[in-house]
Amino acid sequence: MAHKIRAAITGVHGWVPEDKLTNADLEKMVDTNDEWITSRTGIKERRILRTPGWATSDMAAEAVKGLLEKTGVKPGEIDLLIVATVTGDMVFPDTANTVCDKVGATNAFGYDINAACSGFLFALATGAQFVVNETYQKVVVVGADMMSSIVDYQDRNTCVIFGDGAAAVLLEARRDGTGIQDFVLRSDGSGRVHLHMKAGGSKCPPSAETVAQREHYVFQDGKRVFKFAVEGMVSTVQEILRRNHKTIDEVNWVVPHQANMRIISSVAEHLHFPIEKVMVNIHKYGNTTAATLGLCLWEYQNQLQKGDNIVLTAFGADSPGALCT
Ligand code: UT7
């Protein structure tokens with residue numbers, strides 16, 4: 001039977017810095033403790049990029065280099081490289097082209113997608129279109145964030161959660177029924193009041209005052225985001241299953257954004273899905289924003305089998321989901 005052309009993830013690779021920031025380390029920095037962090041978030045440690053002069057593009061480049069080595073693709077064969085990030089090296093130019101330069105992808109064009117924790121799925125959906133339309137053959141999608149560059153290590157509400165990391169996937173065309181089957185993508189811009197970085201953009205450009213007010217850091221209303229996350233992830237997964245005439249029992253893996261173990265458990269419970277089949281690495285890396293989904297796929301790759309139904313789901317100020325086989 002002839003299948004329609006789909007964009008398939010044909011390789012995945014991740015990269016995290018070696019330096020760890022443990023709960024014990026955080027106890028010395030803010031008024032917190034291992035018991036609180038573990039029971040409220042599930043996080044034990046995160047990775048922090050401390051290599052002098054390195055930034056998000058360097059983590060992304062390491063992930064892409066590993067991906068190319070693994071898949072046997074030469075840098076010059078990449079047609080398009082998309083980086084999902086909220087911590088690009090600079091406001092401009094975009095980090096994707098810096099990554100292309102660092103890995104020698106001289107024939108590629110690149111651009112960034114800024115959609116916070118949903119960025120990887122938005123980038124995946126966008127990159128897949130070029131493959132399905134047969135415009136390009138080899139598309140690399142990277143999720144990379146150096147959250148330590150925008151986290152206030154005096155704010156216990158946020159500093160215990162985030163970490164640094166990068167992951168890259170290769171998208172290529174497949175006609176055997178495998179590949180990305182569908183996306184459900186949503187945004188709700190009104191959520192910006194609950195999760196944002198106040199200064200540094202055109203609304204509130206950097207000044208001595210914004211620095212003094214500590215406005216160049218992540219702000220979040222944790223409780224509001226938590227509630228939104230569970231509702232958004234559950235409803236998008238249910239919608240994608242309904243649209244594709246599948247039941248939750250036919251799903252082999254759920255890959256959720258890694259923001260809080262309680263969010264992940266709650267989503268699994270609401271979906272009546274066994275937690276053993278939910279990819280989890282939050283205890284090791286915390287929330288790496290755009291990198292979480294790719295890092296999960298990287299760590300679980302040896303447990304995946306051809307034909308598995310995999311549902312990816314994320315949320316930020318947005319809540320997309322994707323169904324891959
Ligand atoms: O990728 C998207 C990014 N954001 C998220 O996903 C965040 C989603 N939200 C969450 O993960 C949780 O809301 C948090 C982990 C951020 C907070 O957990 P919570 O159970 O919602 O706690 P809370 O904010 O209601 O705070 C409970 C108490 C407060 O003390 P009082 O007012 O009850 O005395 C906080 O001040 O816990 C206190 N608290 C802490 N205590 C020790 C907040 N942070 C800490 C901390 N250590 N690090």
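**Ligand surroundings, helix packing and backbone features**

A polar side-chain atom of Asn-287 sits 2.8 Å from an oxygen atom of the ligand. The model is predicted, so local features need pLDDT of at least 70 and side-chain atom pairs count only at pLDDT 80 or more, while totals for chains, interfaces and linings use all residues. Residues are numbered from 1 along each chain as its sequence is written, and side-chain values use heavy atoms, with hydrogens and water left out.

**Ligand**

- The ligand is surrounded by 22 residues, and the closest are Thr-32, Arg-40, Gln-220, Lys-223 and Asn-260; a residue is near a molecule if one of its heavy atoms lies within 4 Å of it.
- Thr-32 has a polar side-chain atom 2.6 Å from a nitrogen atom of the ligand.
- In the side chain of Asn-260, an N or O atom is 2.7 Å from an oxygen atom of the ligand.

**Helices α8 and α9**

- Helices here are DSSP runs (H or I, at least four residues), strands are runs of E (at least two), and both are numbered from the N terminus.
- Helix α8 (residues 222-243) and helix α9 (residues 261-271) have axes that come within 9 Å and cross at roughly 40 degrees; axes are lines fitted to C-alpha atoms, for helices over the stretch in contact, and angles run from 0 to 180 degrees between N-to-C directions.
- That makes α8 oblique to α9, as angles under 35 degrees count as roughly parallel, over 145 as roughly antiparallel, 65 to 115 as roughly perpendicular and the rest as oblique.
- On the α8 side the contact (heavy atoms within 4.5 Å) includes Phe-226, Met-233 and Gln-238, and on the α9 side it includes Arg-262, Ile-263 and His-270.

**Helices α3 and α4**

- The axes of helix α3 (residues 56-71) and helix α4 (residues 95-103) are 9 Å apart, at an angle of about 50 degrees.
- These two helices, α3 and α4, are therefore oblique to each other.
- Residues of α3 including Thr-56, Asp-58 and Val-64 meet residues of α4, among them Thr-95, Val-99 and Lys-102.

**Backbone features**

- Most residues other than glycine have a negative phi, and most peptide bonds are trans.
- Phe-92 and Pro-93 are joined by a cis peptide bond, with omega about 0 degrees.
- The loop between β4 (80-84) and α4 holds Pro-93.
- Glu-134 is not a glycine, yet has a positive phi of about 60 degrees.
- Glu-134 is placed in the loop between α5 (119-132) and β6 (139-146).

Conventions: Polar contact = N/O pair within 3.5 Å; in protein donor to acceptor, adjacent residues only side chain to side chain.
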